[in-house]
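Hi everyone, thanks for coming along. Let me put the model up, and then I'll walk you through a few spots in it.

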Amino acid sequence: MSELPDVRTPVHVLTGFLGSGKTTLLKALLADPALSETAVVINEFGEIALDHLLVREVSEGAVVLRNGCVCCSIRTDLQETLRDLQAKRAEGAVPPFARVILETTGLADPLPIVATLLADPVLRHQFRLGTVVASVDAVNGLSQLDTQPESVKQAAIADRLVLTKTDLLSDRAGPERLDALRWRLAQINATAPILQAVQGAGISHEIFGADLSHAEGRRQEVDHWLAAESRLRSDESPVHRHAHDHDGTVRSFSLRFTEPMDWTVFGVWLTMLLHRHGDRILRVKGLLNIAGADAPVVIHGVQQIVHAPVHLDAWPDSCTDSRLVFIVDGLDPALIERSLRAFLRLGQQPAANAA
Amino acid sequence: MCGLCGIIGGEAHWTDRAGNAGAIGNADLTRRRERQQRVSLVNRVLAPSRLKISDWNNAFILRGPTGKQAMVDVLAHVWQPAEQLAGRPLDPLDPALLVALENGE
């Protein structure tokens, strides 16, 4: 069964706290010839020297760049800015962008911002949440993760982690430090590919190219998650368990179920869990074997936001177990597993009284 | 605030797919039956708090032990009013709730 593609414009979110190299990454993206058909929303023009990239000004606060990007700054608020962009696109006042990249301020949690946007009845029909990207400074990343808990959370929420300033790691300890950083990031966020922004080379496609909205990207994304689930399962030895405490309370873990899952039960459970603990369930990603469905179902959540579930055309390989990867902050994985199993068992029992 | 509860991708809540094109799970299950199943399950979870939800027109009514009521538009939105009526958080990770569910109370 094929899904209808979601044709709304994706809003990709670029996060990264102060000093993470976010501005560096942003500059590289804005200069990337491959990143045309994009509207980039930044906090303020002053951050980045755009003059040499500028082609024309559309209005105060919106410019068109050499690579065809529309770049605009947030004037009043984000909602207003996106509505304005949409209006300009509809009028033909700006090139027809196919995606938006939203730069968030360093320490802000991007999710409530995006959720507000998408609750807007006008914006909701035109836009959808895209890929969440977090920049990480290759030189200072490890110590930043140590000293700024917010940075750990940002790393945990991201769909993609982009290492910046890797060219500054010139000393002999460089490769080792990079490895240590990669390892640490993988412990926090098991499913996010870790990419490297090499100066001058375009990585926009790797970052923003594939996502769940189209069949090809969906398959690739899910493959990442399944690989992560596999690694997490083999990592659950006592030695590695200790390592999870490193980042305080943020950790990735996986759940696996052999029996087909009842969709109704799963939905009730997850909505209850996200209602109570959504701010601490940073990510849920998984492939589910749903009773009565031939095709596996892709589940993808970011805190309280759960994307509309989609199907893969077929199971990626012979294994039809349901597999879920969670990234949580301060919650007990064993309790989460016990909870889901209790609900699933409940769903299998006939009700004692009719509802 | 509705935007936070997870409605992304159209008007239907992400849990509500029975009977739609792209239905998840038992495609032959009618919308009505799936709805009943969900109500029944939610009631078992609410039972330890002495709350009960029932179908009412196209929505639901949630009743507390003292007779206080709340309207619920979409079943997935039951948890907030349920917590208000119960006067405490309803937590699927609460070991006391899990014991109650596991013992089939």
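**A loop, a core and a helix**

Let's start with A:Asn289, which sits in chain A in the loop between strand E11 (281–288) and strand E12 (297–302). Helices (H or I, at least four residues) and strands (E, at least two) are DSSP runs, numbered from the N terminus.

Some housekeeping: this is a predicted model, where local features need pLDDT of at least 70, side-chain atom pairs count only at pLDDT 80 or more, and totals for chains, interfaces and linings use all residues. Residues are numbered from 1 along each chain as its sequence is written, chains are lettered from A and ligands numbered from 1 in the order in which they are written, and side-chain values use heavy atoms, with hydrogens and water left out.

Is A:Asn289 buried or exposed? It is buried, with a relative accessible area of 12%; buried means under 20%, exposed over 50%, partly exposed in between, with a 1.4 Å probe and protein chains only. A polar atom of the A:Asn289 side chain lies 2.9 Å from the backbone oxygen of A:Thr320. Leaving aside neighbours within four places in sequence, the contacts (heavy atoms within 4.5 Å) of A:Asn289 include A:Pro260, A:Met261 and A:Trp315.

Now to the core. The largest nonpolar core has 51 residues, and A:Phe266 and A:Phe326 are among those with the most contacts inside it. By definition, such a core is a set of buried Ala, Val, Leu, Ile, Met, Phe, Trp, Tyr and Cys residues joined through side-chain atoms within 4.5 Å. H11(A) gives the most to this core, with nine residues. A second, separate core has 46 residues, including A:Val70 and A:Leu117.

Back in H11 (residues 263–277) of chain A, A:Phe266 and A:Trp269 are three residues apart, about one turn of the helix. Both count as buried, A:Phe266 at 0% relative accessibility and A:Trp269 also at 0%.

Finally, helix H3 (residues 95–102) of chain B. Which of its residues are buried? They are B:Leu97, B:Leu98, B:Ala100 and B:Leu101. Seen down the axis of H3(B), these fall within an arc of 160 degrees, so they line one face of the helix; the arc is that of the directions from the helix axis to the C-beta atoms. They pack against H11 and helix H12 (333–348) of chain A, together with helix H1 (31–46) of chain B. Just after H3(B), B:Gly104 takes a positive phi of about 70 degrees.

Definitions and conventions: Polar contact = N/O pair within 3.5 Å; in protein donor to acceptor, adjacent residues only side chain to side chain.
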